[in-house]
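Good morning, and thank you for the time on the agenda. Please keep the structure in view while I speak.

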Amino acid sequence: MKYLLKNILFVLCIVAPVCSIASADDGYDLWMSYRKLDDATILKEYQQAFSSIVIQGQSETLGIIREEVKKGLDGLLGADLPVSNILTVGSALVIGTPRESELIQKLDLSDKLATLGREGFLIKSTKINDVPAVVIAANEDIGLLYGTFHLLRLMQTGQSLKDIDICSRPRIQYRLLDHWDKLDGSISDERGYAGKSLWKWDELPETIDPRYKDYARANASLGINGTVINSVNANPDILKAEYLKKVAKLADVFRPYGIRVFLSANFSSPISAKFAHESNRRGGIGNLKTSDPCDPEVRLWWKNKVKEIYQFIPDFGGFLVKASSEGMPSPQEYNRTHADGANMLAEALAPYGGIVMWRSFVYDDSKVDDDRAKRAYKEFVPFDGKFSSNVFIQSKNGPIDFQPREPVNSLFGAMPRTPLMLELQIAQEYLGHSKHLVFLAPMWKEYLEFDTYAKGRGSTLASIIDGNTHNYQMTGIAGVANTGDDRNWCGHLFAQANWYAFGRLSWDHSLTAEQIADEWIKATLTSDANAVNTIKSMMMGSWEACINYMTPLGLHHIMQEGFHYGPQPQLDKSGRIDWTSVYYHRADANGLGFDRSSTGSNATSQYFSPLRETFDDVNTCPEKYLLWFHHVPWDHKTESGRTLWDELCYRYYTGVDYVKEMERKWAALEKDIDPDICLHVKEKLATQEKDAAIWRDTCLGYFQKFSNRPVPASN
Ligand code: GCW
């Protein structure tokens with residue numbers, strides 16, 4: 001008996017892990033696992049609507065569509081649907097362009113298609129030869145791919161397709177992921193929190209990791225159409241032929257998914273290594289002594305380099321450039337301007353249809369202004385209208401640096417003759433890395449809906465970057481990627497939702513954060529209505545909670561230096577003040593906050609009226625920006641009636657309490673969620689709770705030294 005028991009235990013030990021591996025969800029499939037739908041009514045509707053799939057035409061993209069639609073419908077419906085190019089009896093999903101598909105041509109959709117551009121699509125229920133059909137039509141195959149993913153999304157979220165009739169096209173033209181990946185394969189010191197780079201430079205160009213295709217597929221499912229594959233702190237080696245060959249292989253994989261490759265370029269690339277400056281961010285792969293953009297040899301170097309790139313990558317997208325920032329080389333070193341530098345590159349790229357994305361994230365030159373928040377505006381606004389037509393100025397959402405909350409960068413609206421491209425950060429550099437659950441869609445919506453008043457009421461950030469306010473001829477948005485080679489791509493399962501949200505908003509910034517959360521949860525985790533609502537409620541308040549336990553009421557940049565994770569409100573041992581927490585929070589016996597009003601740095605004057613006045617007056621400044629724009633006395637009465645000090649304490653406690661609440665909510669979902677995912681998130685939340693309490697206690701403990709008022713034990 002004892003022997004038998006021992007054997008049973010042995011078998012259990014062997015078998016149990018095997019079973020759990022087989023059934024485990026490791027997060028690799030992202031929002032595309034296509035689990036069978038469990039709502040019987042909707043399942044029946046779909047099963048009746050689709051007894052076959054008909055796709056006419058041949059191309060690599062159509063091949064991908066065949067694969068995707070088969071995988072998606074088979075998975076969601078638990079079926080094995082035939083895919084062919086002939087319409088038979090029953091009911092069908094018919095996908096095609098009028099050019100390749102006579103079935104689509106017959107429907108005469110030309111009026112609608114004329115409004116959809118190259119990437120748009122329509123989905124419509126109709127009849128073809130008396131056969132009931134749902135049709136996905138577009139002008140180009142890439143539109144069909146986007147339409148296919150959209151149909152699958154509608155089905156994943158259980159929406160009825162009866163009488164469906166929708167048209168969709170992106171509101172923004174360039175929708176990019178910016179990777180801050182280094183050529184040695186690391187991202188960790190470039191704000192990557194999910195392992196190493198996806199790009200295996202040492203294996204390329206010979207070996208093509210299958211994951212490249214999955215990466216492209218995930219992006220295409222959201223409508224992302226470009227990727228900058230290397231860090232803005234660009235290693236000039238990326239432009240050497242040996243790397244271009246590798247990049248070309250990635251571009252080949254991404255192309256049929258509608259994704260173009262872009263590269264970050266180091267401004268001093270033309271310089272010979274022997275003349276390069278000391279710092280490792282300085283260039284040197286050419287044979288010149290200078291990278292002066294007005295030097296004919298330098299201009300020729302770039303023209304030749306660009307020509308070479310297009311020989312490897314015929315649809316190369318262009319360059320992203322970080323200059324005059326954090327030690328990166330720049331035209332200003334030769335007394336040239338941002339426009340001189342950007343236009344030189346633009347001229348080389350223009351014949352091939354390439355663009356330049358020149359970043360406005362500059363703060364190296366202390367002569368410009370003492371207040372870092374004012375620098376981009378001061379350096380770029382005078383050059384409005386001076387950039388070539390294929391140059392974007394790419395600007396971070398806020399004036400400082402991807403903080404938990406900032407007002408919108410005053411540059412937006414102030415450059416009517418220069419297309420501004422918005423740069424968001426999907427990676428949570430200042431929002432708990434991949435350890436904290438922080439859903440960023442509400443944050444991005446707050447920025448997108450921020451009214452700059454550039455041309456009167458309604459000049460929202462969204463309407464600036466989609467070209468409506470100033471009639472920009474090019475429009476663009478970029479998100480700093482949060483991907484890495486972790487099995488689940490993003491480190492935290494919930495960080496996938498931020499990749500998802502960025503993609504969805506870049507296609508249509510009018511979507512609500514709730515809708516995006518709802519889609520992501522249903523596609524990724526569960527369709528159980530109660531569970532969906534609970535998870536949504538966790539996600540929707542998670543950003544505000546993070547602000548509360550890190551930087552409430554407009555505080556900013558009080559994170560650990562360098563690492564940007566935990567709190568560090570105090571100076572480090574060096575006693576240096578510039579760009580430290582002390583510079584930003586300015587706590588003293590009188591109060592807290594950075595006076596950027598007209599009595600201080602006057603950054604408020606960079607905004608349009610009436611924002612300028614609203615921000616300038618401590619009594620009308622929105623409380624969320626209070627300490628961003630004002631140095632506020634500890635006893636100042638806030639909207640709640642509490643003093644500044646009491647409100648600060650209240651916010652820090654509220655933030656931590658929210659995390660505890662998320663833990664409670666998550667624990668109650670055990671039966672609805674895959675066990676591995678359940679445990680993974682549970683552990684992350686425990687870390688978040690611990691961290692949030694550290695933030696609260698460190699910051700309140702430190703500020704108390706100035707406020708001299710008691711910290712309560714709880715709210
Ligand atoms: O936020 C800061 C980061 C740097 C980054 C820089 C930038 C890529 O701390 O790591 O460098 O911004 O955006 O250029």
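Predicted model: local features only at pLDDT ≥ 70, side-chain atom pairs only at ≥ 80, totals over all residues.

In what order do the strands of the open sheet run, and what is the pairing? The order of this six-stranded open sheet is β2-β1-β3-β5-β4-β6, and the pairing is mixed.

Strand β6 covers residues 165-168 and is antiparallel to β4, residues 121-128, with 4 bridges between them. Within that pair, L122 has C167 of β6 as its bridge partner.

Strand β4 also pairs with β5, residues 131-137, again in the antiparallel sense, here over 7 bridges. S125 is bridged to V134 in β5. These two strands form a hairpin with 2 residues between them, and N129 there adopts a positive phi near 45 degrees.

Strand β3, residues 92-96, runs parallel to β5, and 5 bridges join the two. V94 is the residue that stands opposite V135 in β5. A helix also lies over this sheet: α3, residues 60-77, extends across β1 (52-55), β2 and β3, and its direction is at about 170 degrees to β1.

Strands β8 (residues 226-228) and β9 (residues 260-264) are parallel and share 3 bridges. G226 is placed opposite R260 in β9.

Which helix packs against α8, and at what angle? It is α7, residues 210-222, which meets α8, residues 241-254, at about 50 degrees, the axes being 9 Å apart. The two helices are therefore oblique to each other, and their crossing is right-handed. On the α7 side the contact involves Y212, K213, Y215 and A216; on the α8 side it involves L250, V253 and F254. By class, these residues are 6 nonpolar, no polar and 1 charged.

Helices α14 (residues 496-507) and α15 (residues 513-524) pack at an angle of about 130 degrees, with 10 Å between their axes. That arrangement is therefore oblique as well, and the crossing of α14 and α15 is right-handed. Helix α14 contributes Q496, A497, Y500, A501, R504 and L505, while α15 contributes Q515, I516, E519, W520 and T524. This contact of α14 with α15 divides into 6 nonpolar, 3 polar and 2 charged residues.

Finally, the chain as a whole. It holds 21 helices and 16 strands. Its radius of gyration is 27 Å, close to the 27 Å that the globule rule gives for 715 residues, so the chain is as compact as a globular protein of that length. The C-alpha trace spans about 80 × 75 × 60 Å along its principal axes.

Thank you; I am glad to take questions.

Note on methods
Residues numbered from 1 in each chain as written. Heavy atoms only, no water. Axes fitted to C-alpha atoms, helices over the stretch in contact; angles between N-to-C directions. Parallel < 35°, antiparallel > 145°, perpendicular 65-115°, else oblique. Left-handed = near helix turned anticlockwise from the far one by under 90°. Contact = heavy atoms within 4.5 Å. Nonpolar A, V, L, I, M, F, W, Y, C, P; charged D, E, K, R; others polar. Pairing = 2+ DSSP bridges. Rg over C-alpha atoms; globule rule 2.2 N^0.38 Å.
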